[in-house]
Amino acid sequence: MEHNKVDTKTQESYDDHQQKLVLDSSLDSRGEIPVRVRTGAWRAALFVIAIEFSERLSYFGIVTSLVVYLTTILHQDLKMAVRNANYWTGVTTLMPLLGGFVADAYLGRYATVLLATIIYLMGLILLTLAWFIPGLKACNQEICVEPRKAHEIAFFIAIYLVSIGTGGHKPSLESFGADQFEDDHPEERKMKMSYFNWWSTGLCAGVLTAVTVIVYIEDRIGWGVTGIILTVVMATSLLIFLMGRPFYRYRTPSGSPLTPMLQVFVAAISKRHLPCPDDPSLLHELSREEYTKGRFLSSTNNLKFLDKAAIIENRGNENAMAEKESPWKLATVTKVEELKLLINMIPIWFFTLAFGICATQGTTFFIKQAIIMDRRIGHSFVVPPSSMFALVALSMIIFLTLYEKLIVPLLRRVTGNERGISILQRIGTGMVFSMITMVIAALVERKRLDYTKQHHLTMSVVWLAPQFIVIGIADALTLVGLQEYFYDQVPDSMRSLGIAFYLSVIGAASFVNNFLIAVTDRLAEEISGKGLFGKDLNSSRLDRFYWTLAALTGVNICFFVIVAKKYTYKSVQLSLAIAGGGDDVEAASVQNTSKYT
């Protein structure tokens, strides 16, 4: 009876501390345990979303007009322009792997965002100067036959500085925003589930402004004026981000997250001949007093070979042996499970590449189609080709709002899942929409070619609207799902890298897309004597390329479903983890299953 009273008192003390303090290893701006009512949650996340708006404004102001710039200002042919655009997109979306690693291991997310934003600003400033400094201008005369080499060099240096800036900015900022919500607090956990949807809504607002206002200024006033606007907006958003400093919750960098993974491999291989115990409690784990940072993970049944890394060989004096044992010979269950999480992600990452390839068409071939179609609205207004991407942003904003306010509450009642459907179900559904997009795009392009051939006129750009709208819905489901999946399922110490993994899907897909263009073009030339891609779209067979992507995506979805059904979600033991304090709080533990994932 007395024991039950003590347990009740301890639980009440824990609940009281959890309501007042944030007990997840976070620190406030003064290096102390954050007070819940003064830090984090939406009061901090809104500052983060504000700077994301300006970053996406700049990025999409560049990327959606990049093919136009390369073909009209630098006079590159279609194949070369699309290849260069894909290379830049690929580098830009793979750079976050380096940026995320640096943020998690050494600098921390807040410092990485600041450094990356400064580099980003340097790129925007150089991009602007290339239009105003006489020696860097593309041409001095009105009609430009060939641009200056100095302008071309300055342009590529500028956009690749933007790539480097994006590499640190994207993984660190999004994960820093998600860090403002505590996983083990019921109300804040629900807020975090909404955070990724509202983050994407803010992102889309930046995209929408970029492909309407910014692109219109590029088209009608000039690229130099655009550069000034983007630079001023980015500098202003940096000041706004700095204003939120007292409200943020910070995570200290924990050193290289890859070393513990390698230690698990080495320990498991060295004990490969030992039998793995059936009872997970016999495996090595730190006590709650020793484990003061992060969360415990429960042992899972997949990849059992790795569990051997946590086997204690001499159980005579278990605690003493564990203390003396090198981490290269003995790992904890949590470290083993963290490695399992990363290995389980590899097939998921691979089978989402097909979606990334489909998404890449929205900023390359879709825009190029818009350039040669009739873009007149009324008698005088002509829609800039890159502004067609506004339909993607609009469909994402509308769908995400409906998804958050109507679809998720309805699905919660049906499935009992806090997210409505699991993360992987959401990703898979979006992949189906990406396949539908490619089918629509193929049919529209075939009709455009026939119409141009029969009537010698250009078809209205309105025909492209369905493929832009449907890929927007696909993005709202799969891209947002991938953000949440990689942030949620990576080890807690690797969450910036988790966002980088999501971005690398698009980056790797851009390179694979270039490979597919080359392969399909070569195969078509060998089979029929004529390649798929000519000097312009009217001499190309882009519809056949779209059909190829639709078929590949359909096959890919089948494999994704098989992998997703076998996937094991992260299994967390909820416990207190206080950074630099907490003497009077005793940890309480309960297992968090995959019900909400």
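Trainee: Where does His-456 lie?

Mentor: His-456 sits in the loop between helix 14 and helix 15. Keep in mind that we're looking at a predicted model. His-456 is not a glycine, yet its phi is positive, about 55°.

Trainee: Is His-456 buried or exposed?

Mentor: You read that from the relative accessibility, where over 50% counts as exposed. His-456 has 68%, so it is exposed. Now try Leu-303, which is found in the loop between strand 1 and helix 9 (318-324). Leu-303 isn't a glycine either, and its phi is positive too, about 50°. Its relative accessibility is 35%, so Leu-303 counts as partly exposed.

Trainee: Which residues of helix 10 are buried?

Mentor: Here's the general idea first. An α-helix has 3.6 residues a turn, so residues three or four places apart point the same way. Now the case at hand: the buried residues of helix 10 include Val-333, Val-336, Leu-341, Met-345 and Ile-348. Glu-337, Glu-338 and Lys-340 are on that list as well.

Trainee: What covers the buried residues of helix 10?

Mentor: Several elements do, among them helix 8 (258-270), strand 1 (296-297), helix 14 (423-455) and helix 17 (542-566).

Trainee: How many aromatic pairs are there?

Mentor: The count comes to 37 aromatic pairs. To sort a pair, look at the angle between the ring planes: over 60 degrees counts as edge-to-face. The rings of Phe-47 and Tyr-248 have centres 6.3 Å apart and planes at 90°, so this pair is edge-to-face. The pair links distant parts of the chain, with Phe-47 in helix 2 (residues 41-72) and Tyr-248 in the loop between helix 7 (223-243) and helix 8, 201 residues apart. Tyr-248 has a relative accessible area of 0%, so it is buried.

Trainee: What kind of pair do Phe-533 and Phe-545 form?

Mentor: That one is edge-to-face, with 5.5 Å from centre to centre and 70° between the planes. Phe-533 lies in the loop between helix 16 and helix 17, and Phe-545 in helix 17, twelve residues apart. Phe-533 and Phe-545 are both buried.

Trainee: Which residues do ring pairs link into a cluster?

Mentor: Phe-47 and Tyr-248 turn up again here, joined with Tyr-110, Phe-176, Phe-241, Phe-247 and Tyr-250.

Trainee: How many cavities of 30 Å³ or more does the structure hold?

Mentor: Six. The largest cavity has a volume of about 450 Å³. To read a cavity, ask what lines it. Here there are 29 lining residues, and Arg-56, Tyr-59, Phe-60, Leu-479 and Ile-506 lie nearest the centre.

Trainee: Which helices each supply at least two residues of that lining?

Mentor: They include helix 2, helix 3, helix 5 (149-178), helix 15 and helix 16.

Trainee: How do the lining residues of the largest cavity divide?

Mentor: There are 17 nonpolar, nine polar and three charged residues in the lining.

Notes: Residues are numbered from 1 along each chain as its sequence is written. This is a predicted model: local features need pLDDT of at least 70, side-chain atom pairs count only at pLDDT 80 or more; totals for chains, interfaces and linings use all residues. Side-chain values use heavy atoms; hydrogens and water are left out. Buried means under 20% relative accessible area, exposed over 50%, partly exposed in between (1.4 Å probe, protein chains only). Helices (H or I, at least four residues) and strands (E, at least two) are DSSP runs, numbered from the N terminus. Contact means heavy atoms within 4.5 Å. Rings of Phe, Tyr and Trp (its six-membered ring) pair if their centres lie within 6.5 Å; planes under 30 degrees apart count as stacked, over 60 as edge-to-face and the rest as tilted. On a 1 Å grid over the protein atoms alone, a cavity is a set of points where a 1.4 Å probe fits but cannot get out, and a pocket is an open set with protein on both sides within 12 Å along at least five of seven lines; lining residues have an atom within 4 Å of a point. Grid points are joined across faces, edges and corners, and a volume is the space filled by probe spheres set on the points. Ala, Val, Leu, Ile, Met, Phe, Trp, Tyr, Cys and Pro count as nonpolar, Asp, Glu, Lys and Arg as charged, and the others, Gly among them, as polar.
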